[in-house]
Amino acid sequence: MDAYKKEVWFTIIMSLILVISGHLGVFFSLFPVEGYLFGFPIMYIVPILVGWFGVLGLTIISGKIGNHIDEAIEKENQENEKQSGKGVI
């Protein structure tokens, strides 16, 4: 049951992080920044880069962590089946 709780919390937290990362431009409109990065205004290029590459990186990290949680769920299910007597025949 702990693995399921971890998965639920992981899903909620990663959803919030992905939404914030994908909509970073809103924060720059609330708190405008002067300056340039790679020849582009910071308030435009940073949300674009974070929106593209940040979300890509977060998705890769999310996939790896999600696989570990799924493995933990499988182990937990196997242990529960062995304890209840429905295990391997």
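Q: Helices (H or I, at least four residues) and strands (E, at least two) are DSSP runs, numbered from the N terminus; where does F38 fall?

A: F38 is in the loop between β1 (36-37) and β2 (40-41). Before going further, keep in mind that this is a predicted model, in which local features need pLDDT of at least 70, side-chain atom pairs count only at pLDDT 80 or more, and totals for chains, interfaces and linings use all residues. Residues are numbered from 1 along each chain as its sequence is written, and side-chain values use heavy atoms, with hydrogens and water left out.

Q: OK, and what is phi of F38?

A: Phi of F38 is near 55°, which is a positive value in a residue other than glycine.

Q: Is F38 buried or exposed?

A: F38 counts as exposed because its relative accessibility is 66%, where buried means under 20% relative accessible area, exposed means over 50%, and partly exposed lies in between (1.4 Å probe, protein chains only).

Q: What is I73 in contact with, leaving aside its neighbours within four places in sequence?

A: With those neighbours set aside, I73 is in contact (heavy atoms within 4.5 Å) with A3, Y4 and E7.

Q: And where is S62, buried or exposed?

A: S62 is found in helix α3, which covers residues 42-84, and it is buried because its relative accessible area is 18%. Beyond its neighbours within four places in sequence, S62 is in contact with F10 and M14.

Q: What about I61, where is that?

A: I61 is also a residue of helix α3, but it counts as partly exposed because its relative accessibility is 46%. From C-alpha to C-alpha, I61 and M14 are 9.8 Å apart in space, while in sequence they are 47 residues apart.

Q: Why does S21 count as buried?

A: S21, which lies in helix α1, counts as buried because its relative accessibility is 8%. Apart from neighbours within four places in sequence, the residues in contact with S21 are V50, G51, G54, V55 and L58.

Q: How far is L18 from E81?

A: Their C-alpha atoms are separated by 36 Å, and the two residues are 63 residues apart along the chain.

Q: New topic: how many aromatic pairs does a search of the whole structure find?

A: The search finds 1 aromatic pair, using rings of Phe, Tyr and Trp (its six-membered ring) whose centres lie within 6.5 Å, with planes under 30 degrees apart counted as stacked, over 60 as edge-to-face and the rest as tilted. The pair is W52 with F53, and it is edge-to-face because the ring centres are 6.4 Å apart and the planes stand at 80°.

Q: Are W52 and F53 buried or exposed?

A: W52 is exposed, and F53 is exposed as well.
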